[in-house]
Amino acid sequence: MMPDTILIALIPIIPFLCFLLLGLTGKKLGAFSGLLGTASMAVSAGFAALTAYQYFFHVGKIDGVFQKMVVFNYHWLQFTPEISINMGMLLDPISVMMLVVVTFVSLMVHIYSLGYMKGEERFSVFYSFLSLFTFSMLGLVLSANLFQTYIFWELVGVSSFLLIGFYYTKPSAVSASKKAFIVTRFADLGFLIGILILGFNAKTLDFGLLIERLIHVESPYLQTAIASSFMGVSALTWGLLLIFVGGAGKSAMFPLHVWLPDAMEGPTPVSALIHAATMVVAGVFLVARLFPIFILSCPVALDVVAYVGIFSSLFAAIIACTQTDIKRVLAYSTMSQIGYMMFALGVSGYEGEAGLGYMGSMFHLFTHAMFKALLFLGAGSVIHYIHSNEMKDMGGLRKAMPITHITFLIACLAIAGIPPFAGFFSKEEILAAAFHKNPVIFYVGLITAAMTAFYMFRLYFSIFWNKPTPSAGHDHHHHGEGPFTMMLPLFILALCSISVGFIPFGQFVTADGQFLANEFHPMFSIAPVSLALGGIFLAMLFYKNANELPAKLAVSMSVLYASAYRKFYIDEVYLFVTKRLIFNLLGRPAAWFDRTIVDGLMNLIGGLTSGFAEMIRGLQSGKVQSYAIWFFAGVLGFAVLFIYLW
Amino acid sequence: MLLENNLLNFLLVMLQELGLTAILIVLLFAKLMEGEKTSPMLYPLVMVLLLGHVLISFDGNTTGMLFSGMYVNTPLIGMEKGILGLGTLLICLQAGTWLKNHKHSTEFIMLLIATLMGMDYLLSAGNLLMFYLALELSTIPLAALCNFDLEKRRSSESAMKLILSSAFSSGILLFGISMLYGATGSLNFIEISRSFMGTEMEMLALIFIFSGFAFKIAVVPFHFWTADVYEGAPIPVTAFLSVISKGAMIFALTTMLYKVFGAYAAMWYNILFVASAITMTLGNLFAMRQMNIKRFLAFSSITQAGYLLLGLSGASAEGATSVVYFMLVYIFSNLGAFGVLALVSAATGKEEIHDFKGFYKNNPVLSWVFALSLFSLAGIPPTAGFFGKLFLITAGASRFNMPFLVIAALNMVISLFYYLKVVRAMLVEQQDEPLPTIAVPFYARIALVVCVAGVLLTGFFGQIYEYIHTLSLGF
């Protein structure tokens with residue numbers, strides 16, 4: 001039995017039609033275009049949910065194993081006699097899960113933007129871009145062919161470029177969009193070459209066949225792929241690593257992450273959709289898609305994935321502690337969480353129990369999409385209210401924005417990994433997988449988890465506590481919370497952040513398609529949870545009341561904390577450890593390194609190119625005589641080079 | 001009976017060139033008889049005739065040899081001629097607006113078709129003598145065309161520079177041809193290819209002849225003439241030079257390298273590698289800092305020539321196929337861009353990139369056409385340009401020359417940078433007084449619709465590539 005092809009095909013087609021419609025007639029539709037976009041997105045999300053239901057509960061499982069089902073396959077281009085490019089739709093647990101995530105988050109962002117982007121001059125353009133992005137992302141996750149993936153991958157890049165640069169009058173937005181596009185293009189280059197290498201070796205680009213041909217030791221394709229080498233590394237490893245480079249570019253892994261913080265120049269709902277919940281996990285999705293090849297034929301490449309993941313995770317967490325722009329904090333936290341997903345894949349095995357890391361990674365991808373979208377949308381509400389991204393302009397907002405406050409708190413608890421919120425469950429699986437495989441990664445992961453709790457609550461307290469509530473008399477913001485359209489998504493996403501952790505994820509998404517129990521070990525959870533609580537506690541000490549009057553401080557604090565003991569001893573030590581040690585010794589240099597060396601390198605490359613372009617300008621003198629001399633020099637040079645030297 | 005058969009055969013094999021000659025004769029008589037004003041029917045009539053010429057070229061049946069090997073036609077060559085004819089037709093359609101106010105519009109079309117005929121003979125040449133004559137036939141009318149903006153000094157300068165540089169390159173080419181004759185004792189392609197001895201004189205001949213081609217294709221460092229000539233010439237002529245003329249030469253180079261110099265494949269592979277790498281890179285660097293869209297397109301076409309050489313270096317049926325396929329796609333993409341530019345320039349005289357800021361505001365459709373063309377030139381999927389480049393790279397990759405591939409891929413990224421710059425100026429940036437709404441006359445509209453359809457659809461129909469592939473197997 002097969003799932004309903006037309007139903008599935010409609011999931012990406014509806015947003016595409018919506019894009020065409022809004023793109024061509026948007027101006028006339030005006031404010032109505034938002035409603036139209038949202039409605040079509042809702043239909044698409046409904047279909048995705050229906051598909052997920054059909055797949056997971058009715059047709060997907062055969063003999064206890066979830067199957068890869070190609071529901072539609074159109075032979076498109078014959079590349080060479082063996083390799084063809086097809087356009088198809090592949091259903092398997094991860095693509096179905098991504099369908100749900102993408103359409104759901106996209107729907108939330110569509111609803112939210114009705115309020116957030118209201119009155120924007122290019123309102124309908126914004127919605128048409130959102131539709132285009134959703135279409136590309138859905139096409140990406142449904143791809144049945146590596147090349148199809150690449151095409152949609154690029155489309156996703158283009159639509160992200162358009163959305164980051166949406167506020168085109170802001171020079172910073174324009175340069176950010178350019179940077180994002182160029183950096184990811186460099187990564188995509190690796191992806192393309194990787195595709196060609198794998199394709200030529202396996203003589204196919206079809207996912208099913210490709211994986212089939214490259215995982216069995218006796219397969220002749222695999223043997224040639226391992227035998228041929230370049231610079232001492234086998235073609236297979238090159239192919240997989242280059243594909244990972246492509247994934248690392250989209251997923252903002254170090255050192256290709258430089259575009260992500262700048263990408264926050266886009267409208268906040270866009271950050272929520274693209275740069276937090278969907279597009280940036282494309283790299284994780286890609287590695288997961290090719291996971292059997294990684295794990296069964298080329299564990300070395302998987303180790304690279306693991307170490308890049310854990311390093312990015314820690315690196316980003318350290319930097320997140322020092323940022324003052326709230327969207328940048330969230331950007332770095334995204335990078336850190338994606339690092340989590342990456343290293344979870346890196347430490348995972350394939351079959352049965354060993355596949356815990358894979359399951360954890362996908363689970364975290366799922367939960368993260370919910371609470372990170374919530375965080376961004378919450379931040380959007382705050383920015384909408386304050387008209388600033390800077391922490392110092394905020395504080396004491398809990399009274400003014402009660403709904404945002406509560407939902408944001410839920411999201412913070414979820415990302416910090418406090419039970420029973422969603423992030424706790426997925427993080428547990430990841431840490432458990434790391435614990436069994438690689439203690440170094442496990443401990444670094446633990447530290448990162450603690451830091452995550454710290455910087456998230458630093459953010460939380462700085463926004464909602466810290467200063468006294470702005471009194472009504474001096475309040476120049478006449479509106480409080482945003483309109484209903486902005487509150488509804490917050491509410492729904494908060495519900496999800498609480499509940500999705502209880503989904504028995506191992507029943508649905510695993511590396512080998514077989515059932516894997518989500519086991520829960522209370523003893524194991526003690527360390528991460530208490531570390532996270534420690535981080536929260538620390539953040540509370542520093543940021544909850546920083547600027548309040550001592551008298552008020554004493555009142556609001558419990559007796560224990562108000563004691564001199566805290567003031568003169570622990571406080572100082574904590575202050576020393578975090579402010580001096582972490583901030584100055586680790587955070588500042590890391591941030592500096594990020595800004596100066598990594599960014600600088602990227603700028604240097606750009607500078608060198610344009611400098612060289614300036615240099616050769618003189619050659620174009622406008623004199624025919626000098627052209628003739630160059631011509632003659634060329635002939636002579638070629639003659640000498642190719643007849644006598646080469 | 002025999003005579004009759006021969007005549008029929010002659011007519012069929014040479015149908016394309018004879019057809020063009022017929023069009024030329026029609027134009028000639030029309031010119032002789034025209035009074036104060038050109039007949040309004042002449043232009044559409046010629047367009048229809050030209051369309052007929054294109055259509056008969058695509059059926060892939062014209063094949064044969066005439067004049068003891070002087071003239072050769074194969075299905076692939078027929079296809080190549082069809083592609084060039086299609087490009088010329090599109091340029092004629094786009095030039096309509098500009099020509100309407102020109103006193104010598106009939107001559108313009110005559111010269112253009114004469115050039116096209118020269119190119120057709122060039123592709124069919126099976127003999128060095130024929131080759132050289134056809135080459136000159138395709139060059140000299142071009143110089144006259146460059147000078148067609150009669151009152152503009154830059155236009156005359158452009159023609160002057162083209163003539164001087166062409167003379168220089170022809171000299172080198174002739175030198176190469178005479179050396180080849182000296183070394184092998186023949187002018188016939190097939191005989192030459194059979195009598196190579198491996199001497200240095202033959203290698204030198206290869207390099208001299210390649211340099212002559214390199215000049216026409218604008219390979220760095222033989223490209224310097226292009227910027228000045230392209231900038232000074234009228235836009236339709238610039239389009240013709242950078243697309244059609246280049247395409248004809250790259251097709252002819254394919255024949256020359258694959259058929260005549262097949263024995264030296266290892267050597268010319270290296271030549272193509274170096275030439276292509278330098279051309280792509282420097283072409284990009286030059287293009288990056290151009291402010292004038294015409295010059296910008298001219299330099300970007302240099303980079304595209306670099307990719308073409310990469311595909312050519314594949315030295316296989318795939319190599320030939322990818323080159324022909326890319327030219328087809330390139331004609332659509334580049335003429336789409338030039339078409340919009342020609343309309344804007346004819347209406348307002350503006351050609352700078354910054355003039356195009358906020359172009360979207362009054363001309364949404366035109367700016368999308370322009371943007372699509374640029375996307376295709378930059379090779380962004382799913383436009384046809386992406387597939388064109390992909391096939392070129394795949395053909396060139398058959399030897400697994402990693403540095404070559406990396407250089408090509410890097411250049412693709414760099415080129416994105418400046419293509420996007422223009423797109424951004426049009427779609428995103430604003431200015432106080434953007435260009436006014438520009439009327440699109442009927443003929444230009446047809447041309448643009450064809451270009452857009454080509455850019456969007458060519459990639460989606462795998463059959464096109466497969467068809468060219470079957471033709472080139474017999475090549």
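At what angle do helix α5 (residues 105-124) and helix α6 (residues 128-146) of chain B pack? Notes below, starting with that pair.

Some housekeeping: this is a predicted model, in which local features need pLDDT of at least 70, side-chain atom pairs count only at pLDDT 80 or more, and totals for chains, interfaces and linings use all residues. Residues are numbered from 1 along each chain as its sequence is written, and chains are lettered from A and ligands numbered from 1 in the order in which they are written.

1. The α5/α6 pair in chain B. The two helices pack at about 160 degrees, with their axes 8 Å apart. (Axes are lines fitted to C-alpha atoms, for helices over the stretch in contact, and angles run from 0 to 180 degrees between N-to-C directions.) That makes α5(B) roughly antiparallel to α6(B); the labels are roughly parallel under 35 degrees, roughly antiparallel over 145, roughly perpendicular from 65 to 115, and oblique for the rest. The crossing of α5(B) and α6(B) is left-handed, meaning the near helix is turned anticlockwise from the far one by less than a right angle (clockwise would be right-handed). Helices (H or I, at least four residues) and strands (E, at least two) are DSSP runs, numbered from the N terminus.

2. Who touches whom there. On the α5(B) side, the residues include Leu111(B), Leu112(B), Met117(B) and Tyr121(B). Their partners in α6(B) include Phe131(B), Leu135(B), Pro141(B) and Leu145(B). Two residues are in contact if their C-beta atoms, placed from the backbone, lie within 7 Å. By type, the contact of α5(B) with α6(B) has 16 nonpolar, 3 polar and no charged residues. (Nonpolar is Ala, Val, Leu, Ile, Met, Phe, Trp, Tyr, Cys and Pro; charged is Asp, Glu, Lys and Arg; the others, Gly among them, are polar.)

3. Helix α16 (residues 364-378) and helix α19 (residues 442-457) of chain B have axes that come within 10 Å and cross at roughly 40 degrees. That makes α16(B) oblique to α19(B), and their crossing is left-handed. Val369(B), Leu372(B), Ser373(B) and Ser376(B) of α16(B) make the contact with Leu448(B), Cys451(B), Val452(B) and Val455(B) of α19(B). The residues of this contact divide into 6 nonpolar, 2 polar and no charged.

4. Where the chains meet. Here 37 residues of chain A are in contact with 43 residues of chain B. On the chain A side, β3 (69-78), α5 (146-164), α6 (171-202), α24 (564-615) and α25 (624-645) each supply at least two residues. The largest share, 12 residues, comes from α25(A). That side of chain A divides into 27 nonpolar, 7 polar and 3 charged residues.

5. Chain A has 25 helices and 6 strands, and buried residues make up 54% of its 646 residues. (Buried is 20 or more other C-beta atoms within 10 Å of the residue's own, exposed is 12 or fewer, and partly exposed is in between; C-beta atoms are placed from the backbone.) Mean pLDDT for chain A is 79, and 85% of its residues reach 70 or more; pLDDT is the predictor's confidence in each residue, from 0 to 100. Over residues 472-476 of chain A the pLDDT is below 50, and beyond near neighbours in sequence this stretch has 1 contact in the model. Residues 548-572 of chain A are also below 50, with 10 such contacts. Where pLDDT is low, the predicted coordinates should not be read in detail.

6. An enclosed helix. In helix α12 (residues 282-289) of chain A, 8 of the 8 residues are buried, so α12(A) is largely enclosed by the rest of the structure. Among them are Phe285(A) and Arg289(A).

7. Most residues other than glycine have a negative phi, and most peptide bonds are trans. The bond from Pro419(A) to Pro420(A) is cis, with omega near 5 degrees; Pro420(A) lies in the loop between α17 (402-416) and α18 (422-437) of chain A. Ala252(A) has a positive phi of about 55 degrees and is buried, with 30 other C-beta atoms within 10 Å. Lys203(A) has a positive phi of about 60 degrees, but counts as partly exposed, with 16 C-beta neighbours inside 10 Å.
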